[in-house]
Amino acid sequence: MPIAPRATDPVLSVEKLRTSFMVDGSWKPVVRDISFTVAPGETVAIVGESGSGKSVTSLSIMRLLQPDTSRIEGKVMLGGRNLLALPEHEMRKVRGNDVAMIFQEPMTSLNPLFTIGDQISEALLCHAPMSKGEAKAETIRILEKVRIPSAASRFDEYPHRFSGGMRQRVMIAMALATKPKLLIADEPTTALDVTIQGQILDLIKTLQEEEGTSVLFITHDMGVVAEIADRTVVMYQGEQVETGATTDIFHRGQHPYTRALLSAVP
Ligand code: ADP
Ligand code: MG
């Protein structure tokens, strides 16, 4: 029986998450005993260099790793349920309704065979009763909200017609359409030009402020952390070396790796 969540409970609680991969016949731990929470409306960053286990952490939370070659231990609590103990068909509903994900390469999350308008309308129609016409009008409103220029005229275009930055906006629009409890963004701006990066960050901040969405933001960039995160988890070689309010991490970060990351911030 799931325990009914209270308004003050964390949206996400990760407890002693440990992920191993089968490599050359034995289990190799890649993420070791990561624990953190994301409160309602909060933005938490996971920061660390390439290969430190950030993506494996987010993929473990959503159970998107190959089950036969990976082992995920610990607890991932969302809405009073341990996601690691849910049957796969329940987990699919969690991915569709409760959590939205944005990855570095947005093309992997958009279906190339359907128009942008149809994909967002479909997401809307899955979540609230409305007519197709209403869904179209709402889709255009959302596309305008994420500042897609000439949104109405781009409704019938396919994903390949959008630039990288525009595709990331479309992914944020999808996230708006499903009104998730949690948005997990894994290096969503890494592949983009610096000016576009800033615009996408602003948009995620707006989404967070206006919709109260909780955000788990993954990045290797301390500058981005400073801009967006209330609290920060620092990962190094698969371990969590420091956790705290972002301002504390910046002013009083203790771990040598945190200090090294900070020294690289201009
Ligand atoms: P980050 O996102 O921080 O750059 P990752 O989480 O992608 O790092 O990877 C962490 C470590 O796990 C790396 O050493 C990577 O090579 C390893 N790894 C990732 N996926 C797999 C896999 N499917 N099988 C074996 N090792 C993996
Ligand atoms: Mg990664």
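Which element gives the most residues to the shell around ligand 1? That would be H1, with three.

## About the model

This is a predicted model, so local features are kept only at pLDDT of at least 70 and side-chain atom pairs only at pLDDT 80 or more, while totals for chains, interfaces and linings use all residues. Residue numbers start from 1 along each chain as its sequence is written, chains are lettered from A, and ligands are numbered from 1 in the order in which they are written.

On confidence, the protein has a mean pLDDT of 91, with 96% of its residues at 70 or more; pLDDT is the predictor's confidence in each residue, from 0 to 100. For the complex, the predictor reports an ipTM of 0.99 and a pTM of 0.90.

## Around ligand 1

The shell around ligand 1 consists of Phe21, Val23, Val30, Gly48, Ser50, Gly51, Ser52, Gly53, Lys54, Ser55 and Val56. A residue is near the ligand here if its C-beta atom, placed from the backbone, lies within 6 Å of it. Strand E1 (12–23) and helix H1 (54–61) are the elements that give two or more residues to this shell. These elements are DSSP runs numbered from the N terminus: helices are H or I with at least four residues, strands are E with at least two.

Sorted by class, the shell has four nonpolar, six polar and one charged residues. Ala, Val, Leu, Ile, Met, Phe, Trp, Tyr, Cys and Pro count as nonpolar, Asp, Glu, Lys and Arg as charged, and the others, Gly among them, as polar.

## H3 against H4

Helix H3 (residues 116–127) and helix H4 (residues 132–145) have axes that come within 9 Å and cross at roughly 115°. Axes are lines fitted to C-alpha atoms, for helices over the stretch in contact, with angles from 0 to 180 degrees between N-to-C directions. The cut-offs are under 35 degrees for roughly parallel, over 145 for roughly antiparallel, 65 to 115 for roughly perpendicular, and oblique for the rest.

From H3, Gly117, Ile120, Ser121, Leu124 and Leu125 meet Ala135, Lys136, Glu138, Thr139 and Ile142 of H4, where contact means C-beta atoms, placed from the backbone, within 7 Å. By class, this contact has five nonpolar, three polar and two charged residues.

## Where H6 comes in

Next, H4 and helix H6 (residues 164–178): their axes come within 9 Å and cross at roughly 130°, which makes H4 oblique to H6. Ile142, Leu143 and Lys145 of H4 make the contact with Ala173, Leu176 and Ala177 of H6. That contact has five nonpolar, no polar and one charged residues.

H3 and H6 have axes within 8 Å of each other, crossing at roughly 20°, and are therefore roughly parallel. Here Ile116, Gln119, Ile120, Ala123, Leu124 and His127 of H3 meet Val170, Ala173, Met174, Ala177 and Thr178 of H6.

Terms used: Contact = placed C-beta atoms within 7 Å.
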